[in-house]
Structures are given as structure tokens and as C-alpha cells.
Amino acid sequence: MMSRRTSSKTPAQIPANRTVTIVYSLAALLAVAGLADAVYLSVLHLTGQSAVCGASVGCSQVLASKYAQIGPVPVALLGVLGYFSVFSFTVLAACGYLWAYRPAATIVGLMFLATLWFLYLQAFVLHAFCPYCMFSAALTFLLAGLMVATTPVKPPAS
Amino acid sequence: MRRWLPFALIAAVALAAFGGGAILYRSYRQKVITLTKEQQEAGRRESVHFRGHPKAPVTLEEFGDFACPPCGRIAGPVHALERAYPQQLQSIFREFPLAVHPHALAAAYAAEAAGLQGKFWEMHDLLYREQRIWSEAAGADQLFSSYARLLGLDLALFEKDRKGETVRARVAADQKRAAALGVTITPSIFINGKLMTGPELSPSGLRAAVDAALAAKAAP
């Protein structure tokens, strides 16, 4: 049942199919931008570039901090997984697989909470902001807004 | 809409992300630089700022920028190594102020001017300790003067020296050596001529590299 395409009889009512397709497509584009950002940050972390200063303004204060990884896993790599999952599910949702809305919204919700935590760390603990992290935060907020806007509404009981 | 379209898009984006990441990784990975004996000896012959034993078997040569946060973070662990290996390690500091940090060059001049009065390392340690304050301050020059006063330097001489030709020439000489060795980032740390990269550029990595260099020297 998971891969069944929805027909005009959807389990949950969506405001307008065309609008929803456009909104999910937009969400997928935002997720691609986030994915590119997270891949870049992961590469910086994995090559050790986040722990040095170079010719351009870097994010070393943030990316080389102890908060930039959970155990041995760089947070940016989790971002890659998160954005890729959101992209996959929103593309599926945009193509009519409406079941994909729920996992996309769940992941965006988790990313939203993580973003709040990282903003707090940057503002109040590290006292430094990384432009790439702020870009990712903006994308996550936009994604969260789109997910809320496209929340399926249950049809009123007749 | 075709059924396969979303899956094709997902596969394409996965491939692009993986491929792009791999290309970026290759271009961002630090090159392995190992200095020749001649390059190492040339460095030792110059008049340099060093702590530790002048004839130590292991030389740690750092190209640093006083305004660079990672340099500030590694300064403590490097100093700890100097104390842990007083006879076995010579630690050299070279100026490599990056243009991206507004007050880095002025800080390098301040450290060199302090050096002319025999207080280079005191100023070095102070600049790193207070990095967050002066590197973001509008009046960094006044702060450098206050640090000179704190260290008991002759203030008039310090002010004259840090605008003088001697300190400029000294910083320029360090930058010239950096360029000759292919140094582009800070901190760039060479241990017995081998550039530390990735995890080697951490407190434990540096200690392991010093131990390995000592073991290599001890080996017949």
C-alpha cells in the first residue's frame, strides 16, 4: 500500500491538488539547497578545513566546536541525511504519493527542533554565527512553514 | 505524471550530492607537505622566535595568525607540549596573518614589536588569550598598547617599533617562507618537516606526532 499512487479519492483532503504539487515541489527545491549546504559543511568537517582559517571567512568557531559532532558523527552529515530524506519524500508527495507527507513533516519537525538548538548554541554558548549554518536554519524554517501550510485537513464528518 | 519520475529525480539528486561531495573532498583535502632537509635547515638558520631546546631532536614550526580562532585553540596544547618535552622539542612560531582577519597584521606587528624588547612570547600568549576581545574591537591598536603596558614594555619604543621597518621585514620574511612551503591556511604546523593535517591538528594528534618523531630519531 505504501507505494500506491493516490487517485482523486485521497485518504486526507488536500486544499488544492495543483497548489499542493507546487508547494511540495518548492519544498523539494529548498531541500536540494539544504542538501548542497550540508554536503559542503560535511566536506569542511571531514577534510579538517573547519579547524583552520583560510582565505575566506570561515565558520571555524562553530564548526570546530564540540557541538559540531555527535560522538564520531558530524552534525553536518546528519543534515545531509535529513535534507535528502526531505527531498525524497517531498518529491514523492509532489508526484502524488501523498503518504510521503507524514514522514517529510516528521523529519522537518525534527530538523526544526535541531535548528532551534543550534541557533541557541551559536547565540548564547559559542557567541559566533556561521553563515552556512544560518542559511540552513533559514531553509529549515521555510520548509517547516511549507509543511504546516500543506497539513492535510480531515474532511468534516457529514 | 510518469510513475518512475520521482524515483529518477531522487536517484539523480543522490548521485549529484555524492559526486559533488567527492569532488569537493578531493579539492579541499589538505596536500601532504613534507619539507626537505634543506628547507628545514634553512628555517633553523634564520633568526626565529622559539621556545624549548635550540638543539632539540624535534622541531615544531607553526605558521599562525593571532586573529584566527583555531590558532588560539591550538596555542594552549602547543604550549603544553613545550612544557612536556623541554629538552626534546623546539617550538618555532612564524607570522602568517591572513587578510581575511582585519586586525591580524596589526597583531603580528605588535607581537614582533614586543619581541624587539624581549617579550615576544609574553605578547604571543596574551594576544591569543585576549583574542576574542581585540579581534572584534574597533580600537584594536589601543588594546595592543594596553597589552604592551601590561607586559611592562617601553610604550614609546613599542609604538615606534610596531610602525617601523624592522617588524614589517620580519613579518614579510615569515610570509615569504610560508609561500615557499605552500602554506595557505592557519594554523599550519610542521613537525620535523611534516605538515599536520586533519586529526593530526588536534592536541592528541600533535602529541602523537611528537612521540612518533622522537621514536623515529631514536631508531638506529
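## Two chains, one interface

Along its sequence, chain A follows the pattern α-α-β-β-α-α-α. That comes to five helices and two strands. Helices here are DSSP runs of H or I with at least four residues, strands are runs of E with at least two, and both are numbered from the N terminus. This is a predicted model, in which local features need pLDDT of at least 70, side-chain atom pairs count only at pLDDT 80 or more, and totals for chains, interfaces and linings use all residues. Residues are numbered from 1 along each chain as its sequence is written, while chains are lettered from A and ligands numbered from 1 in the order in which they are written.

**Chain A.** Of its 158 residues, 43% count as buried. Buried means that 20 or more other C-beta atoms, placed from the backbone, lie within 10 Å of the residue's own. Of the contacts in chain A with a separation of 6 or more, 73% join residues 24 or more positions apart. Contact means C-beta atoms within 7 Å, again placed from the backbone.

Helix α4 of chain A covers residues 101–126. Its 26 residues should span 38 Å at 1.5 Å a residue, and its end C-alpha atoms are 35 Å apart, which agrees. The expected span is 1.5 Å times one less than the number of residues. Buried residues of α4(A) include A:Y101, A:I107, A:M111 and A:F118. Their cover includes α2 (60–63), α3 (75–94) and α5 (131–149) of chain A. After α4(A) comes A:H127, with a positive phi near 55°.

**The sheet of chain B.** Five strands form an open sheet with mixed pairing, in the order β1-β3-β2-β4-β5. Strands pair if DSSP finds at least two bridges between them. β1 (49–52) and β5 (194–195) of chain B stand at the edges with a single partner strand each, so one side of each has no neighbour in the sheet. β4 (188–191) and β5 of chain B pair in the antiparallel sense over two bridges. B:L195 is the bridge partner of B:F190.

Angles run from 0 to 180 degrees between N-to-C directions of lines fitted to C-alpha atoms, for helices over the stretch in contact.

| Helix | Strands touched or crossed | Angle |
|---|---|---|
| α10(B) | β2(B), β3(B), β4(B) | about 25° with β4(B) |

**The interface.** In all, 30 residues of chain B are in contact with 30 residues of chain A. On the chain B side, α1 (5–28) and α3 (69–84) give two or more residues each. α1(B) gives the most, with twelve residues.

Notes. Two residues are in contact if their C-beta atoms, placed from the backbone, lie within 7 Å. A residue is buried if 20 or more other C-beta atoms lie within 10 Å of its own, exposed if 12 or fewer, and partly exposed in between; C-beta atoms are placed from the backbone.
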